[in-house]
Amino acid sequence: MSCELRPATVADTDAVYGLICELKQKAYDRQTFAAGFAANLSNPNQCYQLAVTNGEIVGLLGLQIMFPLNLNCWIGEIQELVILPQVRGLNIGKKLLAWAEDTARERGASLMELSSGKVRTDAHRFYLREGYLESHFRFKKTL
């Protein structure tokens, strides 16, 4: 099964919404999601790449390029990476990850970062196999 990668557009909002709901295993307010996605698409430091097989969108990677002062370098942060369950194991995640690393490198980044939920142990194994190291804790607080 061949997989093509392409940039996401606002026309992909419904498919991207479905992928994010799959990733988080919950539904979000569609109007809020659509507005946020459209705003992110207009940000030149935010990129979304889709994986497409047989005309169906089956994966998504969200990449942000930023310059955290405490790191003193440009980095690529993978904010979302999700592959539909029925196509996992076909190296689609690996292909999206390679795209993100290449894109970040082309934009001057010298480091990649990502966060992954504690319960996503399969994802953790994937990231470790791909050369990512567990380096710090991430904390959050609802406002």
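This is a predicted model: local features need pLDDT of at least 70, side-chain atom pairs count only at pLDDT 80 or more; totals for chains, interfaces and linings use all residues.
Next I asked which residues sit closest to the centre of the largest pocket. Of the 41 residues lining it, I found that Leu114, Ser115, Ser116, Gly117 and Arg138 are the closest. I then checked which elements give two or more residues to this lining: they are α1, α2, β4 (75-83), β5 (111-114) and α4 (121-129). Sorting the lining by class gave me 20 nonpolar, 11 polar and 10 charged residues.

I moved on to the second largest pocket, with a volume of about 610 Å³. Here I counted 24 lining residues, and Ile83, Arg88, Asp122, Ala123 and Phe126 lie nearest the centre. Two or more lining residues come from each of α1, β4, α3 (92-106) and α4. I noted that α4 gives the largest share, seven residues. By class, I have 11 nonpolar, five polar and eight charged residues in this lining.

Last, I turned to the helix pair α1 (residues 13-24) and α2 (residues 30-41). At what angle do their axes cross? I read roughly 110°, with the axes coming within 10 Å. So I can call α1 roughly perpendicular to α2. I also wrote down that their crossing is right-handed.

For the contact itself, I listed Thr13, Asp14, Val16, Tyr17 and Ile20 on the α1 side, meeting Arg30, Phe33, Ala34 and Phe37 of α2. I sorted these contact residues into six nonpolar, one polar and two charged.

Key. Residues are numbered from 1 along each chain as its sequence is written. Side-chain values use heavy atoms; hydrogens and water are left out. Axes are lines fitted to C-alpha atoms, for helices over the stretch in contact, and angles run from 0 to 180 degrees between N-to-C directions. Helices (H or I, at least four residues) and strands (E, at least two) are DSSP runs, numbered from the N terminus. Angles under 35 degrees count as roughly parallel, over 145 as roughly antiparallel, 65 to 115 as roughly perpendicular and the rest as oblique. A crossing is left-handed if the near helix is turned anticlockwise from the far one by less than a right angle, and right-handed if clockwise. Contact means heavy atoms within 4.5 Å. Ala, Val, Leu, Ile, Met, Phe, Trp, Tyr, Cys and Pro count as nonpolar, Asp, Glu, Lys and Arg as charged, and the others, Gly among them, as polar. On a 1 Å grid over the protein atoms alone, a cavity is a set of points where a 1.4 Å probe fits but cannot get out, and a pocket is an open set with protein on both sides within 12 Å along at least five of seven lines; lining residues have an atom within 4 Å of a point. Grid points are joined across faces, edges and corners, and a volume is the space filled by probe spheres set on the points.
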